[in-house]
Amino acid sequence: MSIVSDILENSKSLLFTAEFPEIDNGGMESIARHAARIAPWFDAANATDNTAAHAHASNMAVAIAMQMHGIEPIMQIACRDKNRLAIEADLMGAALHGIENVAMLTGDDVSAGDEPEARKVFDIDGPQAIAVAKVLSSGQYLSGRKINPAPSFYISAVENPAAPPFEYRIERAVKKQRAGARYLQLQICYHPDRLASFCAGVAAAAPGLHLIPSIVLVKNEKALNFMNNKVPGIDIPQETINQVADNSDPGEAAYQLVLEQSKYALSLPGVRGLHIIDFRRDNSLDRLMGELGRKPKA
Amino acid sequence: MTCPKTLRNGPCGGVRENGGCEVKPEMQCIWVKAYERKEKLHLPQSWRDHYNELRPPVDMQLKGTSSWVNLLTKRDRKRSKGWQSVIEDGDK
């Protein structure tokens with residue numbers, strides 16, 4: 001059983017997950033360096049699959065490397081670059097290496113990346129990919145060919161509580177639960193009202209579907225402006241950006257915003273932890289975790 | 001299929017603040033449009049519920065064939081065995 005599933009299904013503890021940085025160079029030493037920063041504070045970390053349509057070291061290779069450094073991976077599998085055969089192969093490869101946490105997502109379009117001329121695949125979509133993982137864990141491929149013994153997966157997905165149509169996002173979470181997802185990592189959300197109504201709606205309509213909102217540790221308003229202008233599906237109100245930009249100490253103001261977001265998210269129904277994406281890579285991660293009452297692991 | 005990502009199961013997480021498509025911002029997301037229409041029209045609830053049905057992966061063998069013929073012969077109801085037994089029969 002994975003640590004993630006044990007915490008979410010068998011305890012009342014909070015789950016803290018991190019985004020493992022993309023790996024382009026630096027070899028296993030860079031894995032070790034990132035692992036050392038992440039290991040004390042987190043239960044698991046996401047091994048991403050060509051984030052934002054940029055090529056990096058593969059989801060599987062990074063997930064295995066994380067395991068070698070004692071970090072439990074949540075292996076993302078996106079539908080943009082792989083057809084259903086390749087996705088089934090990724091799942092079976094994960095099972096071969098004892099990776100149980102798999103996060104099934106649609107993925108950004110190729111136009112979001114630096115090789116927009118590439119062919120996009122999207123042979124299946126996010127909800128179908130969740131269901132494919134469920135089919136495999138029942139002991140067969142999509143074709144019906146048996147897998148004995150069946151691989152053991154703890155399946156998750158993602159959802160964006162702040163993208164239109166807002167009211168539908170709750171039903172979509174229900175759909176993903178029905179397809180086989182046990183928890184959702186949520187896109188970073190700068191509209192507290194939308195996050196609150198999403199979480200309340202999911203807690204009522206899909207009890208047992210655990211929610212893990214994302215928090216992004218940013219240095220200053222530049223990162224907020226970048227996300228607001230460049231990342232489809234993320235909208236940041238101007239007054240939130242100004243709150244950081246107009247402060248005499250933007251770094252501190254950005255930190256305080258993150259702290260406030262974290263506490264708020266943890267107060268919402270259905271929320272069982274946080275997913276933290278650290279773009280600052282300074283001492284603010286340690287500070288945040290301390291202020292959230294988290295004890296570093298020995 | 002109007003969705004540039006050929007998604008069959010609803011809007012992705014990239015829908016823009018104004019309801020625009022992630023890939024073609026000048027176009028309204030087709031799933032947003034469908035959602036607004038099904039909410040606005042006076043439809044029986046069972047028809048509205050179709051919007052959130054989990055639709056199976058597309059059978060690429062049917063590319064270029066007539067959807068009308070496939071409807072009448074029920075060829076378009078054929079699912080891969082794993083999907084049929086775990087997702088569709090398992091739901092019943």
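Arg281(A) counts as exposed because 12 C-beta neighbours lie inside 10 Å. Arg281(A) is found in the loop between β8 and α11 (284-291) of chain A. Its phi is positive, about 50°, although Arg281(A) is not a glycine.

This is a predicted model, in which local features need pLDDT of at least 70 and side-chain atom pairs count only at pLDDT 80 or more, while totals for chains, interfaces and linings use all residues. Residues are numbered from 1 along each chain as its sequence is written, and chains are lettered from A and ligands numbered from 1 in the order in which they are written. Helices (H or I, at least four residues) and strands (E, at least two) are DSSP runs, numbered from the N terminus.

**Confidence**

The predictor gives the complex an ipTM of 0.96 and a pTM of 0.97. Its confidence in each residue is the pLDDT, on a scale from 0 to 100. For chain B the mean pLDDT is 94, and 97% of the residues reach 70 or more. Among the elements of chain B, the lowest mean pLDDT, 91, belongs to helix α4 (residues 81-91), and the highest, 97, to helix α3 (residues 67-72). Where pLDDT is low, the predicted coordinates should not be read in detail.

**Strand β7 of chain A**

Strand β7 (residues 210-217) of chain A is largely enclosed by the rest of the structure, because eight of its eight residues are buried. Both faces of β7(A) are covered. One side carries His210(A), Ile212(A), Ser214(A) and Val216(A), and the other carries Leu211(A), Pro213(A), Ile215(A) and Leu217(A).

Strands pair if DSSP finds at least two bridges between them. Strand β6 (residues 183-186) of chain A is joined to β7(A) by four bridges, and the two run parallel. In this pairing Leu186(A) stands opposite Pro213(A). Between β6(A) and β7(A) the chain passes through helix α7 (residues 192-205) of chain A, and this β-α-β crossover is right-handed. Right-handed means that, with the strands pointing away from the viewer, the path from the first strand over the helix to the second runs clockwise. Four bridges also join β7(A) to strand β8 (residues 273-278) of chain A, again in parallel. There, Ile215(A) stands opposite Ile276(A).

**Val158(A)**

Val158(A) lies in strand β5 of chain A. With 23 other C-beta atoms within 10 Å, Val158(A) is buried. Two residues are in contact if their C-beta atoms, placed from the backbone, lie within 7 Å. Not counting residues up to four places away in sequence, Val158(A) touches Ala103(A), Leu105(A), Leu184(A), Gln185(A), Gln187(A) and, in chain B, Gly13(B). The C-alpha atoms of Val158(A) and Arg37(A), 121 residues apart along the chain, are separated by 25 Å.

**Contact between the chains**

In all, 28 residues of chain B are in contact with 37 residues of chain A. On the side of chain B that touches chain A, the elements giving two or more residues are α1 and α4 of chain B. The largest share, five residues, comes from α4(B). By class, this side has 13 nonpolar, nine polar and six charged residues. Ala, Val, Leu, Ile, Met, Phe, Trp, Tyr, Cys and Pro count as nonpolar, Asp, Glu, Lys and Arg as charged, and the others, Gly among them, as polar.

In helix α1 (residues 30-40) of chain B, Trp31(B), Val32(B) and Tyr35(B) are buried. Seen down the axis of α1(B), these buried residues fall within an arc of 105°, so they line one face of the helix. The arc is that of the directions from the helix axis to the C-beta atoms. On the other side of α1(B), Arg37(B) and Lys40(B) are exposed. The cover over the buried residues of α1(B) includes α6 (168-179) of chain A.

**Backbone details**

Lys74(B), in the loop between α3 and α4 of chain B, has a positive phi near 65° and is not a glycine. Lys74(B) is exposed, with 8 other C-beta atoms within 10 Å.

| Cis peptide bond | Omega |
|---|---|
| Asn148(A) and Pro149(A) | about 0° |
| Pro164(A) and Pro165(A) | about -10° |

Pro149(A) lies in the loop between α5 (126-137) and β5 (154-159) of chain A, and Pro165(A) in the loop between β5 and α6 of chain A.

Conventions
A residue is buried if 20 or more other C-beta atoms lie within 10 Å of its own, exposed if 12 or fewer, and partly exposed in between; C-beta atoms are placed from the backbone. pLDDT is the predictor's confidence in each residue, from 0 to 100.
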